[in-house]
Structure formats: C-alpha cells, structure tokens
Amino acid sequence: LHTSSTMTTVYGTVGKLIAVTSCKGGVGKSTVSMQLAYRLASRGHKVGLFDADVHGPSLEAQIPYAEGPSGFSQLAHSGWAVTPREHGTVKLMSFGWFSRLWTGEGKEVRVNGPAGDAMLKLLHTTVWGELDYLIIDSPPGTGDVPKAIATKVPLSGALVVTTPSRLAVVDVVRGIRMLNRFAVPILGLVENMASFTCDD
C-alpha cells in the first residue's frame with residue numbers, strides 16, 4: 001500500500017501539512033488540532049484532520065457525530081484506499097474507526113508491525129482529495145510515529161503544545177529538539193492553561 005505513486009497522489013493534492021505535536025501527553029494537543037482544523041475551515045479553506053495515534057486515537061471520541069451509520073470507515077471505489085469521514089466541511093481520519101472492528105472469530109482488529117509504518121499506510125491510503133491544509137495530530141513522545149511524521153512526511157511546519165507545568169515543559173523541550181534535529185520548522189507554541197491559577 002505504501003508506494004511512491006500513492007505518496008505522490010496524497011502530497012500532490014495537499015497544500016500544507018502541519019503537525020500538532022507535544023512530547024507530553026495530556027496537554028490538550030488533540031483539542032488544539034481540532035480547533036485549528038475547524039478555524040481554518042471557517043475561513044473558507046479546505047481542511048483535513050488526521051489522528052496519527054495508532055494505539056490511543058482520540059478523534060472518534062472528540063467528534064462522535066462523524067461516525068456515520070456503519071461505525072467504521074468505508075473503502076474507496078479503488079478497493080485499496082479508504083474514504084475519510086466528514087464533519088462540517090472538515091475531512092477526518094483516525095485509527096479509532098478501525099480499532100472497533102471485529103473479525104468473525106470475535107477478535108478486535110489490531111495494528112501489527114511498526115506503528116510508524118501503520119500510520120504512514122493509513123495517511124497515504126486515505127482519499128483526501130484537494131486540501132489547502134492537512135492537520136496531523138501527532139501522538140506524544142519521540143517514538144516511531146512522531147519520528148515517522150518528522151522524517152517521512154513533507155511537513156510545512158509543526159505547532160507545539162504545552163502547559164506551564166514544569167514536567168510538561170521538560171518533555172516539550174525534548175520534542176522540540178527532535179523537530180530541530182530533523183529540520184522541521186516550528187510555527188509556534190500554544191501554552192494551554194497559561195492563565196490558570198490554582199487556589200491552593
């Protein structure tokens with residue numbers, strides 16, 4: 001499925017690919033990804049949102065109305081690609097719409113092999129069509145998937161998300177160093193909960 005012609009088809013029809021990333025989990029990265037996608041769409045842009053988390057996808061929980069009657073994603077007419085969901089004017093794809101499929105033996109479908117390869121296959125075999133922006137919600141950490149996004153996807157840049165927590169900042173700095181190592185431009189940094197003050 002991961003062929004050069006497939007990659008050309010995907011990236012040839014997408015204007016800018018932007019990763020929303022953080023090395024720390026729980027800082028609101030997926031919410032920022034979704035808000036960014038819908039804000040861009042509200043300005044008249046054609047936008048896609050890709051949940052790249054193989055093992056802990058969140059998009060299906062964030063936008064349950066995009067599930068449709070079948071509960072899982074449909075094959076495209078070609079037979080080897082999948083059609084993205086749509087909610088409003090935003091095209092959506094997530095592993096969450098596959099993880100709940102069950103085989104005839106009653107076993108849940110799971111990803112085998114390197115998570116980075118699985119992520120790239122789903123990204124490349126989703127029929128995105130023409131987009132101005134494709135927002136990629138990267139999972140936390142510096143493992144297979146974030147590295148594959150940074151090295152094998154032609155990113156226009158990355159938006160980094162953090163909170164004021166010292167633990168979050170330490171991890172986020174580690175993530176920024178990884179992006180710098182792979183020459184991914186940093187477009188900006190969102191500090192969630194920056195104005196929050198604990199009463200205690």
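Buried, in what follows, means under 20% relative accessible area, exposed means over 50%, and partly exposed lies in between, with a 1.4 Å probe and protein chains only. Val27, at 4% relative accessibility, therefore counts as buried.

Before going on, the basis. This is a predicted model, in which local features need pLDDT of at least 70, side-chain atom pairs count only at pLDDT 80 or more, and totals for chains, interfaces and linings use all residues. Residues are numbered from 1 along each chain as its sequence is written, and side-chain values use heavy atoms, with hydrogens and water left out.

Back to Val27. The residue sits in the loop between β1 and α2; helices (H or I, at least four residues) and strands (E, at least two) are DSSP runs, numbered from the N terminus. Contact means heavy atoms within 4.5 Å. Not counting residues up to four places away in sequence, Val27 touches Ser22, Val161, Thr162, Thr163, Ala168 and Asn192. Val27 and Pro140 are 113 residues apart in sequence, with 9.6 Å from C-alpha to C-alpha.

Now the whole chain. The protein chain has seven helices and seven strands, in the order α-β-α-β-α-β-β-α-α-β-α-β-α-β from the N terminus. Of its 200 residues, 43% are buried. Among contacts with a separation of 6 or more, 77% are between residues 24 or more positions apart.

Next, the sheet. Seven strands form an open sheet with mixed pairing, ordered β3-β4-β2-β5-β1-β6-β7; two strands pair if DSSP finds at least two bridges between them. β3 (85-87) and β7 (186-191) stand at the edges with a single partner strand each, so one side of each has no neighbour in the sheet. On average, neighbouring strands of this sheet are turned by 25° against each other, direction ignored. Axes here are lines fitted to C-alpha atoms, for helices over the stretch in contact, and angles run from 0 to 180 degrees between N-to-C directions. Helix α2 (residues 29-42) lies across β1, β2 (47-51), β3, β4, β5, β6 and β7, and runs at about 170° to β5.

Which residues touch the most other members of the largest nonpolar core? A nonpolar core is a set of buried Ala, Val, Leu, Ile, Met, Phe, Trp, Tyr and Cys residues joined through side-chain atoms within 4.5 Å. The residues are Phe50, Met119, Leu134 and Ile136, in a core of 32. At least two residues each come from β1 (14-21), α5 (115-124), β5 (131-137), α6 (144-152), β6 (157-162) and α7 (166-181). α5 gives the most, with six residues. Apart from this core lies another, of 20 residues, among them Met34, Ala41, Leu159 and Ala168.

α5 has eight of its 10 residues buried, so it is largely enclosed by the rest of the structure. The buried residues of α5 include Met119, Leu120, Leu122 and Leu123. As for Ile136, its contacts beyond four places in sequence include Leu17, Phe50, Ala52, Ile149 and Leu155.

The axes of α6 and α7 come within 10 Å and cross at roughly 35°. Pro146, Lys147 and Ala150 in α6 meet Met178, Leu179 and Arg181 in α7.
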